[in-house]
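Me: Hey, could you walk me through this one? I'm new to reading structures.

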Amino acid sequence: TTFMLFFLYRCLGVVICVFGLILLVLADYLIAEQSAENDPIQVLFGDILVLCGASLYATSNVSQEYAVN
């Protein structure tokens, strides 16, 4: 049961993070849509680049931990 509880807490943490990410991208897009200076497509492209960079950084950290252990 301890493993199941740990698993549920992890899943809840992932859901909260993904929900926050969706809110952040949506807010960024809506602000860019209202502003005449920023193109919403460019803002979304920038968000995608940031997500790709963060994913690569996380992959690098996990790979280093795996290599060390």
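**A chat about the fold**

Reply: Happy to! The protein chain has 2 helices and 0 strands. With a radius of gyration of 17 Å, well over the 11 Å that the globule rule gives for 69 residues, the chain is more spread out than a compact globule. Keep in mind that this is a predicted model.

Me: Thanks! What does the C-alpha trace span along its principal axes?

Reply: The C-alpha trace of the protein chain spans about 50 × 30 × 10 Å along those axes.

Me: And how many of the residues count as buried, as a percentage?

Reply: Of the 69 residues in the protein chain, 6% count as buried.

Me: Okay, on to the helices. At what angle do H1 and H2 pack?

Reply: Helix H1 covers residues 2-34 and helix H2 covers residues 40-68, and they pack at an angle of about 155 degrees. Their axes are 8 Å apart.

Me: So are they roughly parallel or roughly antiparallel to each other?

Reply: Roughly antiparallel, because angles over 145 degrees are counted that way, and H1 and H2 therefore fall in that class.

Me: Is the crossing left-handed or right-handed?

Reply: H1 passes H2 in a right-handed crossing.

Me: Which residues make the contact?

Reply: From H1 there are Leu21, Val25, Asp28, Tyr29, Ala32 and Glu33. From H2 come Pro40, Val43, Leu44, Asp47 and Leu51.

Me: Let's zoom in on Asp28. Where does it lie?

Reply: Asp28 lies in helix H1.

Me: Which residues does Asp28 touch, leaving out those up to four places away in sequence?

Reply: Asp28 touches Val43 and Asp47. As for Leu44, it is 16 residues from Asp28 along the chain, and their C-alpha atoms are separated by 7.9 Å.

Me: Why does Asp28 count as partly exposed?

Reply: Its relative accessibility is 29%, so Asp28 counts as partly exposed. That class lies between the cut-offs of under 20% for buried and over 50% for exposed.

Me: New topic: the leucines. Where is Leu21, and how far is it from Leu5?

Reply: Leu21 is in helix H1. Leu21 and Leu5 are 16 residues apart in sequence, and C-alpha to C-alpha they are 24 Å apart in space. At 33% relative accessibility, Leu21 counts as partly exposed.

Me: And Leu23, what is its relative accessibility?

Reply: The value for Leu23 is 44%, so this residue counts as partly exposed. Leu23 lies in helix H1. Between Leu23 and Leu12 there are 17 Å in space, C-alpha to C-alpha, and they are 11 residues apart in sequence.

Conventions. Residues numbered from 1 in each chain as written. Predicted model: local features only at pLDDT ≥ 70, side-chain atom pairs only at ≥ 80, totals over all residues. Heavy atoms only, no water. Axes fitted to C-alpha atoms, helices over the stretch in contact; angles between N-to-C directions. Helix = DSSP H or I, 4+ residues; strand = E, 2+ residues; numbered from the N terminus. Parallel < 35°, antiparallel > 145°, perpendicular 65-115°, else oblique. Left-handed = near helix turned anticlockwise from the far one by under 90°. Contact = heavy atoms within 4.5 Å. Buried < 20%, exposed > 50% of the residue type's maximum accessible area, 1.4 Å probe, protein only. Rg over C-alpha atoms; globule rule 2.2 N^0.38 Å.
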